[in-house]
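Biologist: I would like to learn how to read a model like this one. Where should we begin?

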Amino acid sequence: MKTTLKKTLLAALPLAGLLFLNAPASAHDDWQHERFHDQLGNLHEQEHENLGALHEEFHEHPYSRREHRRFHRWLNREHNDFHNDLYNEHQDYHGRDRYWDRR
Ligand SMILES: [Zn+2]
Ligand SMILES: [Zn+2]
Ligand SMILES: [Zn+2]
């Protein structure tokens with residue numbers, strides 16, 4: 001895989017981490033919770049767009065089948081990792097104020 005592709009994605013990913021830092025540390029209000037969910041949703045959408053764009057970019061180049069397969073495996077792994085991150089952030093959030101048990 002071309003390293004430029006990797007760089008593009010790696011540059012896009014830390015954005016997610018930065019946004020999470022702004023998530024309220026002790027949010028109890030519903031609207032804050034909803035905003036947090038919105039943020040998660042937006043991040044997820046963004047990530048899908050990033051990965052999708054990378055995928056399209058990849059297909060514009062004449063890579064071999066093997067490289068293509070490898071790229072897809074890598075994409076899936078990135079996507080999975082991202083889902084895990086989102087899930088953990090969400091769990092953290094709910095673990096903090098026990099929303100998890102009530103909803
Ligand atoms: Zn939630
Ligand atoms: Zn996803
Ligand atoms: Zn493909």
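Biologist: How many helices and strands does the protein have?

Modeller: There are five helices and zero strands, and the order along the sequence is α-α-α-α-α. Of contacts between residues at least 6 apart in sequence, 79% join residues at least 24 apart. Of the 103 residues, 6% count as buried.

Biologist: Which element has the lowest mean pLDDT, and which the highest?

Modeller: Helix 2 (residues 14-21) has the lowest, at 47, and helix 3 the highest, at 92. Over residues 13-22 the pLDDT is below 50, and this stretch has six contacts beyond near neighbours in sequence. Where pLDDT is low, the predicted coordinates should not be read in detail. For the protein, the mean is 77, and 64% of residues reach 70 or more.

Biologist: What does helix 3 span, and which of its residues are buried?

Modeller: An α-helix has 3.6 residues a turn, so residues three or four places apart point the same way. Helix 3 covers residues 30-59, 30 residues in total. From first C-alpha to last it reaches 43 Å, close to the 44 Å expected at 1.5 Å a residue. The buried residues in helix 3 are L40, E47, N50 and L54.

Biologist: Where is H90 placed, and why is H90 called partly exposed?

Modeller: H90 belongs to helix 4 (residues 65-97). H90 is partly exposed because 15 other C-beta atoms lie within 10 Å, whereas a buried residue needs 20 or more. The C-alpha atoms of H90 and L40 are 8.2 Å apart, though 50 residues separate them along the chain.

How values were computed: Residues are numbered from 1 along each chain as its sequence is written. Chains are lettered from A and ligands numbered from 1 in the order in which they are written. This is a predicted model: local features need pLDDT of at least 70, side-chain atom pairs count only at pLDDT 80 or more; totals for chains, interfaces and linings use all residues. Helices (H or I, at least four residues) and strands (E, at least two) are DSSP runs, numbered from the N terminus. A residue is buried if 20 or more other C-beta atoms lie within 10 Å of its own, exposed if 12 or fewer, and partly exposed in between; C-beta atoms are placed from the backbone. Two residues are in contact if their C-beta atoms, placed from the backbone, lie within 7 Å. The expected span of a helix is 1.5 Å times one less than its number of residues. pLDDT is the predictor's confidence in each residue, from 0 to 100.
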